[in-house]
Amino acid sequence: NELRPPGSTAITIAIGNFKGGVSKTTTAATLAQGMSMLGHSVLLIDCDPQGSLTTLMGILPDSEVELNDTVMPLFSGRQPDITYAVRGTYWDGIDLVAAAPVLFGAEFALPARQTQEPGFEFWSVLDYGLDAVREKYDFIIIDTPPALSYTTINALMAANGIIMPLPPNPLDFASSAQFWDLFGDLTNQLITQRGGHKSFAFVDVLPTKVESADQTSLLVKKWMASAYGDKLVSVEIPKTAAANASSAEFGTVYDQVESGSARTFKRATDAYDRLVELIEDQAQMFWRKQ
Ligand code: ADP
Ligand code: MG
């Protein structure tokens with residue numbers, strides 16, 4: 001595989017959906033590991049106060065993460081860029097900006113800054129804050145909370161590409177449309193306000209937790225195809241006991257492979273390998289256009 005072309009900078013990918021439990025965090029961690037196995041350097045940013053991504057990366061949000069280790073000092077204006085919060089992880093090639101429950105404060109800190117500094121773009125803080133590290137990494141992957149919060153808007157605004165994980169079940173499908181419309185409208189509005197325009201290198205709808213034998217899920221996949229057209233990617237992540245069991249051990253299917261249980265995890269890892277390949281291709285296109 002090819003590495004990032006000289007002169008290009010990181011592609012930033014936000015993983016988002018209003019809903020919890022759709023596999024956002026699992027996708028963020030697995031994608032990061034898959035990219036690092038291809039030789040890419042990755043920065044993971046956990047923007048969810050629940051800190052699940054932080055947990056998956058082997059760090060305990062409750063005891064090992066202080067307010068000053070999270071995006072909060074950047075959001076509240078005490079730090080000019082994200083470098084202070086970057087830490088290494090047990091996984092070679094993956095750095096992390098951790099999250100902890102204190103991140104709930106971001107929803108107050110961000111709009112408060114606009115009151116103090118009129119005209120302040122409180123939706124672009126993360127976007128500008130990442131500039132200092134965009135040369136260092138190939139991928140910056142942001143995990144977002146299950147809400148269209150100020151934090152999520154910051155993640156979308158900082159992103160070059162978006163992945164919306166979506167299990168093919170009727171209720172998740174119905175609520176995904178809201179996320180879709182809102183993020184499109186919002187980012188466009190905010191960018192016009194900034195005096196520029198933003199186009200995403202890709203917006204991918206990724207079927208996750210797919211139970212292929214299930215009739216309802218076959219039906220909903222048809223709805224997804226007509227609603228999202230070519231944004232619906234060709235890779236499907238199956239619902240597997242392996243993926244779920246890995247999270248019980250605070251890791252992903254790739255961790256299991258690394259620790260030697262490869263055979264039983266093949267169905268899960270094959271799907272993730274294909275996802276990694278697909279996103280790699282989209283990243284290469286992005287880098288070549290830079
Ligand atoms: P989110 O971040 O959207 O809330 P998570 O990634 O935390 O979602 O996943 C929610 C739950 O679903 C977790 O228990 C996780 O282990 C499980 N899960 C995620 N992906 C899969 C999968 N492909 N197969 C089975 N279980 C999965
Ligand atoms: Mg999550």
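This dialogue goes through several features of a predicted model.

Reader: Start with the sheet. In what order do the strands of the open sheet stand?

Author: The open sheet has 7 strands in the order β3-β4-β2-β5-β1-β6-β7, and the pairing is mixed.

Reader: Which strands stand at the edges?

Author: Those are β3 (87-88) and β7 (202-207). Each has a single partner strand, so one side of each lacks a neighbour in the sheet.

Reader: Now take β1. Which strands does β1 pair with, and in what sense?

Author: Strand β1 (residues 11-15) pairs with strand β5 (residues 139-143) in the parallel sense, over 5 bridges. β1 also pairs with strand β6 (residues 161-166), again in the parallel sense, over 3 bridges.

Reader: Which residues are bridge partners here?

Author: Towards β5, I11 has F139 as its bridge partner, and T12 has I140. Towards β6, the bridge partner of I15 is I163.

Reader: How many residues of β1 are buried?

Author: A residue counts as buried if 20 or more other C-beta atoms lie within 10 Å of its own. In β1, 5 of the 5 residues are buried, so the strand is largely enclosed by the rest of the structure. Both faces are covered: I11, I13 and I15 are buried on one side, T12 and A14 on the other.

Reader: What is the general idea behind a nonpolar core, and which residues have the most contacts in the largest one?

Author: In soluble globular proteins, nonpolar side chains tend to be buried together. In this model the largest nonpolar core has 81 residues, and those with the most contacts inside it are L44, V71, F139, I141 and I142. Helix α12 (residues 266-289) gives the most to this core, with 9 residues.

Reader: Next, a helix. Is α7 mostly covered or uncovered?

Author: Helix α7 (residues 150-158) is mostly covered, with 8 of its 9 residues buried. The buried residues are T151, T152, I153, N154, A155, L156, M157 and A158.

Reader: Which residues are closest to ligand 1?

Author: K24, T25, T26, A243 and S247 are the closest of the 17 residues that surround ligand 1. The elements giving two or more residues to this shell are α1 (24-37) and α10 (241-248). By type, the shell has 4 nonpolar, 10 polar and 3 charged residues.

Reader: Are S23 and F250 buried or partly exposed?

Author: S23 is buried, because 22 other C-beta atoms lie within 10 Å. F250 counts as partly exposed, with 14 C-beta neighbours inside 10 Å.

Reader: Which residues does UniProt list for a domain?

Author: The unreviewed UniProt entry lists residues 12-184 as "domain: AAA". Over residues 12-184 the chain is 40% helix and 15% strand, and the end C-alpha atoms are 17 Å apart.

Methods:
Residues are numbered from 1 along each chain as its sequence is written. Chains are lettered from A and ligands numbered from 1 in the order in which they are written. This is a predicted model: local features need pLDDT of at least 70, side-chain atom pairs count only at pLDDT 80 or more; totals for chains, interfaces and linings use all residues. A residue is near a molecule or strand if its C-beta atom, placed from the backbone, lies within 6 Å of it. Helices (H or I, at least four residues) and strands (E, at least two) are DSSP runs, numbered from the N terminus. Ala, Val, Leu, Ile, Met, Phe, Trp, Tyr, Cys and Pro count as nonpolar, Asp, Glu, Lys and Arg as charged, and the others, Gly among them, as polar. A residue is buried if 20 or more other C-beta atoms lie within 10 Å of its own, exposed if 12 or fewer, and partly exposed in between; C-beta atoms are placed from the backbone. UniProt positions are given in the numbering used here, feature names are shortened, and annotations may be inferred rather than shown by experiment. A nonpolar core is a set of buried Ala, Val, Leu, Ile, Met, Phe, Trp, Tyr and Cys residues joined through C-beta atoms within 7 Å. Two strands pair if DSSP finds at least two bridges between them.
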